[in-house]
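Trainee: Could we go through the labels given to this model and set each value against its definition?

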Amino acid sequence: MTQENAHIHERTCIACGQKASKAGLLRIVRTSEGIAFDATGKAAGRGAYVCSPACFEKVRTGRLAHALKANVSEDQAQAVAQALQAHMQTV
Ligand SMILES: [Zn+2]
């Protein structure tokens, strides 16, 4: 048992509800143009989290837009999906 665990802020995947530390989830951030994958987890703006590209697919056309209060175009959703896939191959 360590005290360090108390400092981990859990985030929740908006698709499946799985909880994980911020580092364990993929952050989608709202930008002036719409949405983008935030690989650093530090970009300014309203963010939402998913645990995997598969979960992103489940929410990309609906819940994600609600969570971010953003308009998500199909092109942007596709770009983010590709960014997530690429990211998953680097970790
Ligand atoms: Zn999930």
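Mentor: Let us begin with accessibility: a residue is called buried under 20% relative accessible area, exposed over 50%, and partly exposed in between, computed with a 1.4 Å probe on protein chains only. The model is a predicted one, in which local features need pLDDT of at least 70 and side-chain atom pairs count only at pLDDT 80 or more, while totals for chains, interfaces and linings use all residues. Residues are numbered from 1 along each chain as its sequence is written, and side-chain values use heavy atoms, with hydrogens and water left out.

Trainee: Why is K69 called exposed?

Mentor: K69 has a relative accessible area of 57%, and the label requires over 50%, so K69 counts as exposed. K69 sits in the loop between α2 (63-68) and α3, where helices are DSSP runs of H or I with at least four residues, strands are runs of E with at least two, and both are numbered from the N terminus. K69 also has a positive phi of about 50° although it is not a glycine; most residues other than glycine have a negative phi.

Trainee: Which atoms coordinate the zinc ion, and what makes the site tetrahedral?

Mentor: Donors are N, O and S atoms within 2.8 Å of the metal (3.2 Å for Na, K and Ca), and water is not among the atoms, so sites may look incomplete. The SG atoms of C13, C16, C51 and C55 coordinate the zinc ion at 2.3 Å. Four donors count as tetrahedral if all angles lie between 85 and 135 degrees, and the angles here are 106 to 114°, which makes the site tetrahedral.

Trainee: Why are C16, C51 and C55 given the accessibility labels they have?

Mentor: C55 at 4% is buried, and C51 at 17% is buried too, because both values are under 20%. C16 has 41% relative accessibility and therefore counts as partly exposed.

Trainee: How many disulfides are there?

Mentor: A disulfide is a pair of cysteine sulfur atoms within 2.5 Å, and by this rule the count comes to zero.

Trainee: How do you know that β3 and β4 pair?

Mentor: Two strands pair if DSSP finds at least two bridges between them, and five bridges join β3 (residues 26-31) to β4, the two running antiparallel. R27 has D38 in β4 as its bridge partner. The open sheet has three strands in the order β4-β3-β5, with antiparallel pairing, and β4 (34-38) and β5 (47-50) are the edge strands, since each pairs on one side only.

Definitions and conventions:
Four donors count as tetrahedral if all angles lie between 85 and 135 degrees; four count as square planar and six as octahedral if opposite donors are over 155 degrees apart and all others between 65 and 115; anything else is irregular.
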